[in-house]
Each structure stands twice: as structure tokens, then as C-alpha cells.
Amino acid sequence: MAAENEICNKREQIREMEKRGDGNRVVILGGGVAGSHLAKSLQFHAHVTLIDPKEYFEIPWANLRAMVEPTFAEKSVINHRDYFTNGDLVISSAVNVTESEVLTADGRQIAYDHLVIATGHADPVPKSRTERLDQYKAENRKIKSANSILVVGGGPTGVELAGEIAVDFPEKKLTLVHKGSRLLEFIGAKAADKTLNWLKSRNVEVKLEQSVDLNSVTEGHKIYQTSHGETIEADCHFLCIGKPLASAWLRETVLKNDLDSQGRIKVDEHLRVKGRTNIFAIGDITDIPEIKQGFLATKQAEVVAKNLKVIIEGGRVCKLSTYKPLGSALAIVSLGRKDAVAQFPLLTISGRIPGFIKSGDLFVGKTRKQMGLSS
Ligand SMILES: Cc1cc2nc3c(=O)[nH]c(=O)nc-3n(C[C@H](O)[C@H](O)[C@H](O)COP(=O)(O)OP(=O)(O)OC[C@H]3O[C@@H](n4cnc5c(N)ncnc54)[C@H](O)[C@@H]3O)c2cc1C
């Protein structure tokens, strides 16, 4: 009851601020890890508009488990409205930004006092949660009906998918082709070696320094040609190559000079776009010199939530919180349901211990709790 009263009071305060024109309109672009977390944190402190092309937030590192066990997605695919109950939700993509407005693909113009860009990586997924769950069921049927499977790409997505299939469907012939000289190039070589050994121990054939010509595939009897002239027979394939940053559209906007050569948004220590006072960026889209991970995107969202609260409440700029990049790589890549490989600052380990940390529920319970939902 006390909590409900507090929410009512905060809603009332937001309405009062709006009447006074206090500049509390926050528009968040992107409902991924960073944007969703921020929308949840800020919803009772500002007038928040969340813009995302899909109706749901999805825990990205649970995707591969959902392909081998589609019911897993019922917990990892979360409608935005389940955690974001107080604010405007616009289901569309941002296509332009001016100094005061965002334009969306469906023709809306949305005014902002403060803008936060959290568009991460471009990933064309279905609009509704139901369609997304159906997609996982279809991918699961594809895996189940194949005797042999080709995974193209040896980054975290390809490795985690190969791990899931190798553990849940050990009878399938599995081949992974990667164009780099080692797997998991985003972390250290030791982690790559341990991963390669684990995959080999599960009878996964790994081909490095090769690419696959997907245009060469003949329907029915599927033979794939590699760049080394080798042939791979597989009933189906999964393309797990890195997704581009979702910043290409910003090149035609007032923020075109705020991108670095790789399309990342340049930010200052308070996570404001460099040289700007009312535009922030968080998550994978930023040029923060650290490994790109969801737990860091969440921390950045927390810093921006604090900073926007200070600004909206009329606090001084010297009160703004600072984001300190992580000094070294810290990541865990799951290898099926029980194992994983982990890169810690001074140590790389694989097997059951890192698997115990991540691979059981893939942090789904923890993430749902952070979003205020039952695990
Ligand atoms: C296989 C794999 C395993 C991983 N495992 C872990 C892990 O164990 N722990 C961890 O911390 N991190 C992990 N990560 C990394 C983590 O997923 C990312 O760092 C995280 O998703 C970044 O969050 P983000 O919000 O910046 O971007 P994203 O999660 O990419 O979200 C971007 C959002 O922006 C939306 N969007 C895109 N363009 C537009 C537009 N024009 N207008 C409006 N919205 C738009 C998208 O629809 C999406 O909702 C893993 C990644 C992969 C690939």
C-alpha cells in the first residue's frame, strides 16, 4: 500500500513538472539491455518515452538456449509493458534525430528534453513476442529434423549455439566454420584454445580460417563449399556472424559528427555525447574503451539514470556521476548447460565452475529480478 502511494505521488509529481514545462521529457532509443534497464529505472522520475521496433525486451545471451529448448524463451522474452508501466512506448525504429525531436519509421515526431541512444546492434527480429516465440519453435524443428548441421561463425553466438546443440543433440553431426585464425576473438587466446578443445571433445568439427559460400548451396542434398575448396555436407545451417552496430542511420542526422570511424558514438565520462549536454549514449553503441557486455550496459544505464535524475531535479553539473570503464576483459561464454569458458582479469578457466555461474539459467532469473519480475 505504501509503495502504491509512493508511485501515485511520483506520477503526480511528473504531471506537475510537465504542467510547469520543467524539461523532464526523456526519450530512449532502443529497448535492449541498456535502454530497457534505463526505462525501468527512470519511469517514475521523468516522462519517459521508449522507442523500440519490437514489443519486447529479450535477454540476448539466452537466445541460443531458446533454439534448443523453445520454452526457455517464455522467461527470456519479456514484453516491455511488463516492466515499463509508466511512460509512452512507441513500437517503431528511430530514423532521424534533430536537436529537439526524434522521427520514427512510422511517421511520428517525438519531442525530447533529454535523449538517450541505446540502439546497440541491428538485429531484424519479429515485432511481437508471440512471433518471436514461434520463431524459436521453428528453429528448434529445424535442428531436430536435421542429421547434420553447419554453424557459420566462431564468435560468441556461433560457439554458444554449437555448445547447446552438441550437448542437447550429441547424435547430430556438427561442423563449425570460422574465418578467423581462432575462436572467440573478443577475448584471449587461452579462452579460444580451451573452447576449441571442449568442442572437439564433443565431436564438433571446427574449421578455422575458412569461410562458407552460402550461395553455392544446392537445395535438397546440401553441399557447402568453403574458401579452401573443401566441401561440407549438412542438412541445414545457422548463420552466426557478428551483427552490425545500429548506428548507420545516425550518419544522416545532426549527430553525424559524433560517431567514430567504426560508427560508435563518442561519449564523455558522464556518458553524454561528447560536447552535448542533453544527449546521452549507453551500451554497445558507445566508444567506451572496454569489452562490450550486457552487465556493463546495465551499469551505464544506472549512471545515466542517476545523472538524469540530478539534471531533472535541477541539480548542478558537478553532481553528475562518472562512468569508469572496466580495465580488463571479463566475460563468460557458455558451453552447453553445465560448462563454460571464462575470462577473468588474471585467469582463464573452463569447465563446471564458470558453467555453474552462467550456463544453468544463463542469468535469466537475475535479469528478470533486476527488471522487477518474478524469476
Ligand atoms: C552470444 C552472446 C552471449 C553474450 N553473453 C553475455 C553475457 O553472458 N553477459 C553479458 O553481460 N553480456 C553478454 N553478451 C553481450 C550483450 O548481449 C550485449 O553487450 C548487450 O546486449 C548490449 O546491450 P545494448 O542495450 O547496448 O544493445 P542491444 O542489446 O543490441 O539492444 C539494442 C536495442 O536497440 C533496438 N534498436 C536498434 N535500432 C534501433 C532504432 N533505429 N530505433 C530504435 N531502437 C533500435 C533493438 O531493437 C534492440 O532492442 C553476449 C552477447 C552475445 C552475442
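**Briefing: strand pairing and helix packing**

Residue V333 has V341 of β19 as its opposite number. This is a predicted model, in which local features need pLDDT of at least 70 and side-chain atom pairs count only at pLDDT 80 or more, while totals for chains, interfaces and linings use all residues. Numbering starts from 1 along each chain as its sequence is written. The protein has eleven helices and 20 strands; helices (H or I, at least four residues) and strands (E, at least two) are DSSP runs, numbered from the N terminus.

**Overall shape**

- The radius of gyration is 22 Å, close to the 21 Å that the globule rule gives for 375 residues, so the protein is as compact as a globular protein of that length. The radius is taken over C-alpha atoms, and the rule is 2.2 Å times the number of residues to the power 0.38.
- The C-alpha trace spans about 70 × 45 × 45 Å along the principal axes.
- Of the 375 residues, 41% count as buried. A residue is buried if 20 or more other C-beta atoms lie within 10 Å of its own, exposed if 12 or fewer, and partly exposed in between, with C-beta atoms placed from the backbone.
- Among contacts with a separation of 6 or more, 60% link residues 24 or more positions apart. Two residues are in contact if their C-beta atoms, placed from the backbone, lie within 7 Å.

**Sheet β18-β19-β20**

- Three strands form an open sheet in the order β18-β19-β20, with antiparallel pairing; two strands pair if DSSP finds at least two bridges between them.
- β18 (331-335) and β20 (347-351) stand at the edges, each with a single partner strand, so one side of each has no neighbour in the sheet.
- From one strand to the next the twist averages 10 degrees. Axes are lines fitted to C-alpha atoms, for helices over the stretch in contact, and angles run from 0 to 180 degrees between N-to-C directions.
- Five bridges join β18 to β19 (residues 339-344) in the antiparallel sense.

**Sheet β6-β7-β8**

- Another open sheet has three strands in the order β6-β7-β8, and its pairing is antiparallel.
- Its edge strands, β6 (94-97) and β8 (109-111), each pair on one side only.
- Neighbouring strands here are turned by 25 degrees against each other on average, direction ignored.
- β7 (residues 101-104) and β8 run antiparallel and share three bridges. L103 has Q109 in β8 as its bridge partner.

**Helices α2 and α9**

- Helix α2 (residues 33-42) is mostly covered, with nine of its ten residues buried. Those buried are V33, A34, G35, S36, H37, L38, A39, K40 and L42.
- The axes of α2 and α9 (residues 294-312) come within 8 Å and cross at roughly 35 degrees.
- From α2, the contact involves V33, A34, H37, L38, S41 and L42, and from α9 it involves G294, A297, T298, Q300, A301, E302, V304, A305 and L308.
- These residues divide into nine nonpolar, five polar and one charged. Ala, Val, Leu, Ile, Met, Phe, Trp, Tyr, Cys and Pro count as nonpolar, Asp, Glu, Lys and Arg as charged, and the others, Gly among them, as polar.

**A305**

- A305 is found in helix α9 and is buried, with 22 other C-beta atoms within 10 Å.
- Not counting residues up to four places away in sequence, A305 touches L38, S41 and L42.
- A305 and Q43 are 262 residues apart in sequence but 9.8 Å apart in space, C-alpha to C-alpha.
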